[in-house]
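Visitor: I'd like a close look at a single part of this model. Pick one, and take me through how it sits in the rest.

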Amino acid sequence: MMAKKTYTVSVYTENNVGLLNRISAIFLKRHINIDSFSTSESEIPNIFRFVIVIKIESDRIEKIKSQIEKQVDVIKVFYHTDSETIFQESALFKLPSDVLFEKRQVQNIIKNSHARIVTVSREYFVLEKTGFRHETEKLRRDLEKFGLLQFVRSGRISVTKSKLPIRDLLEKFKQNHTDQINTDHE
Amino acid sequence: MEGIKTSSVGSNKPLHISGAEAIVRCLLAEDVDIIYGYPGGAIMPVYDELYKFQDQLHHVLTRHEQGAAHAAQGFARVSGKVGVAIATSGPGATNLITCVADAMIDSTPIVCITGQVGAHLLGSDAFQETDVIGISTPITKWNYQITNADEIPEVFAKAFYIARSGRPGPVLIDITKNAQFDFMDFEYQKCTGVRSYEPEIIVEPKKVKKAVELINQAKKPMIIWGQGVILGNAEAELKELIEKSGIPAIWTILGLSALPTDHPLNMGMAGMHGNYAANLLTNQCDLLIAVGMRFDDRVTGDLNTYAKQAKIIHLELDESEVNKNVLVDLVVLGDCKDSLRLITEGIKPNSHPLWIQNFKDLYQIEYDKVIKNEIDPKSGLLTMAETIEKINKYTKGDAIIVTDVGQHQMVACRYAKFTQSKSNVTSGGLGTMGFALPAAMGAKMGAPDRQVVAIIGDGGFQMTIQELGTIFQTDIGVKIVILNNNFLGMVRQWQQLFFDKRYASTELINPDFVTIAKGYHIKSKQVNKREELDKSISEMLNHEGPYLLEVIVQQEENVFPMVPSGACVSSVRLE
């Protein structure tokens, strides 16, 4: 069996209800575990971008891409290896406030990790750290012994080093549509 | 909705009507004149409109929602139009699901409409509420829940466009009850494009050129075609390529009937119960040209040994089918109607008499070992094959043959003769027992001037036997042939060959089918003697209206040739 590799799959879609279910079902049907999944509006108004991280054999990734792309409301799918993308994850850490004031070590950890203090109250404070998995993971390990109250990490978000021609694709559709209307009126 | 192309139908001022009436008007605007369905609480407003529009839209009341959607499939398969089935929420909707899965895997254009509880009740576990959108998502080409009457025209236009364009498939529209009752301004525009979906692919000339080169160089080329040829209306283009190139051609069961059976270059069926030559020579050809087919495991057997010696060209519309199961040397993406024509224009006329002789020699072996005894047995009970042969004798290959799933299906596909396309209706990819009887009803209504013969096993028949009621009430003149061996024959065959004859739960103790048919006022007869078969078949085919003929066949007949599951195609067995 071929070795598995990490791929970041970027899915550009229409903003339609139920699409998340439709896309995740493609992975479910093939027994592929999703490492991370995030979605947001993209650079184009009303077009959404899913960023999905999976570990999969290199001969299967192209098949997954075309299965997702086949869905009616999906505009285009791209996949990239880690070296082809700029990617980050965010993490939030909630800790009791006393450690912030009583443990010098905690202040050093915050300083060295470049984490940001989001809020401080009498009972707790919240740190935010954005970076690579190993960075948020190291911070989690460092803070664990100080009574980490809550920890949460986001899915990967990523942009690609290469250009993704979504605007061109949408422009082409608009152009064809205009051509067709003009033909209809002739 | 953004990103949709439309074209107006008429230029009337908007009508102020209920959502339910809008639904019926959408169907009429899409030229739908027959729909199959079953009423219930959450779809009653639409049924009320169907009552008012009954002169323009014929609703066929089936006996189960599964019957409705299979009928819609049968209708679509023979007419090339979109079939429509309608049901209520909850159990009505879930009863459609098998058919939706069947239509998905067999690329059949159907639109299923399901009622849903009112939008304010969604998620409250209301009476007959089921998440049919969630359930149907992985098995629909597209689905959508309408919660607002204003959405109806655009969603219906998009649904029909998606179901029929590109590689066809099922679409499900779920409509909450409030959206059926609410009033809206109705104006219908047909959908002509969706920006996130590109069903039309322009064939690349350089791929055509490469295909032409490969075909011109080949010494032992072979074509394998599938349903893509029928869905793409490319039968004439396929025939022209075959005739100009002189290349022998084999088919998958969904491709059956695209080329007349008696065409000299039609070399029979591929796959598990396909012809001996078709399977053996797949692993001897030097070029395999796959047209509108998807290399299903029942066709290829073991992928590691499938046509490894050959260069493979794949003519395909659906990009996700390319290199999915079999890695090919050349992909010609696009509608095979275009690619076949372009390739035929480019190639030089040729013939391959020595190569074709191989097919003939192997056919002779298959004939001596298998076919002769099946179509012309001298003793014992009747066989499935001789029954099909008798049907051929009277229909002369002009009938639509609808089959269920199992031994009788394989035998019918092997022996039934066809002179025209869109004449073989069967559940291929999903293998849905119970498909044939309702699908045959739809087929007869989709092609009312043609003889429609449903060939069904005693097992599958009892899965949708209640549709005899629909056949009687609607007077659908379908001929039903039950090949009764009192067994679930295909499973029994596997038990015999691979499970040391442990016949676990495959023997059926059956009711009197003739009496059952009589109960439904359908003329019926049982035949179990060879000397009466000919006359019985002719009587059935000449009868006006529906007819059920039960043929008692050998109990432990096996279907050969056979490529055991997962084995190499060249290990095809004749006994």
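Guide: Before we zoom in, a quick stop in chain A: the centres of its domain 1 and domain 2, taken over C-alpha atoms, are separated by 31 Å. Domain 1 of chain A covers 4–80 and domain 2 covers 87–155, with bounds from an automatic or database domain assignment. Keep in mind that this is a predicted model, where local features need pLDDT of at least 70 and side-chain atom pairs count only at pLDDT 80 or more, while totals for chains, interfaces and linings use all residues. Residues are numbered from 1 along each chain as its sequence is written, and chains are lettered from A and ligands numbered from 1 in the order in which they are written.

Now over to chain B, which holds the part I'd pick. Chain B has 23 helices and 22 strands; these are DSSP runs numbered from the N terminus, helices being H or I with at least four residues and strands E with at least two. Its C-alpha trace spans about 70 × 60 × 40 Å along the principal axes.

The part to look at is an open sheet of six strands in chain B, with parallel pairing and the order β18-β17-β19-β20-β22-β21. Two strands pair if DSSP finds at least two bridges between them. At the edges are β18 (424–426) and β21 (523–527) of chain B, each with a single partner strand, so one side of each has no neighbour in the sheet. Direction ignored, neighbouring strands are turned by 15° against each other on average, with axes being lines fitted to C-alpha atoms (for helices over the stretch in contact) and angles running from 0 to 180 degrees between N-to-C directions.

Settle on β19 of chain B, residues 452–457: six of its six residues are buried. In a regular strand, side chains alternate between the two faces of the sheet. On one side of β19(B), B:Val452, B:Ala454 and B:Ile456 are buried, and on the other so are B:Val453, B:Ile455 and B:Gly457.

What about its partners? Strand β17 of chain B (residues 400–403) runs parallel to β19(B) and is joined to it by four bridges, with B:Ile400 opposite B:Val452. Five bridges link β19(B) to β20(B), again parallel, and here B:Val453 faces B:Lys479. Carry on from β20 (residues 479–484) of chain B and six bridges take you to β22 (residues 547–552), also parallel; B:Ile480 stands opposite B:Leu548 there.

To finish, step back to where the chains meet: 20 residues of chain B are in contact with 21 of chain A, contact meaning C-beta atoms, placed from the backbone, within 7 Å. On the chain B side, β1 (4–8), α6 (132–136) and β10 (189–194) are the elements giving two or more residues, and β10(B) has the largest share, three residues.

Key. Contact = placed C-beta atoms within 7 Å. Buried ≥ 20, exposed ≤ 12 C-beta atoms within 10 Å, placed from the backbone.
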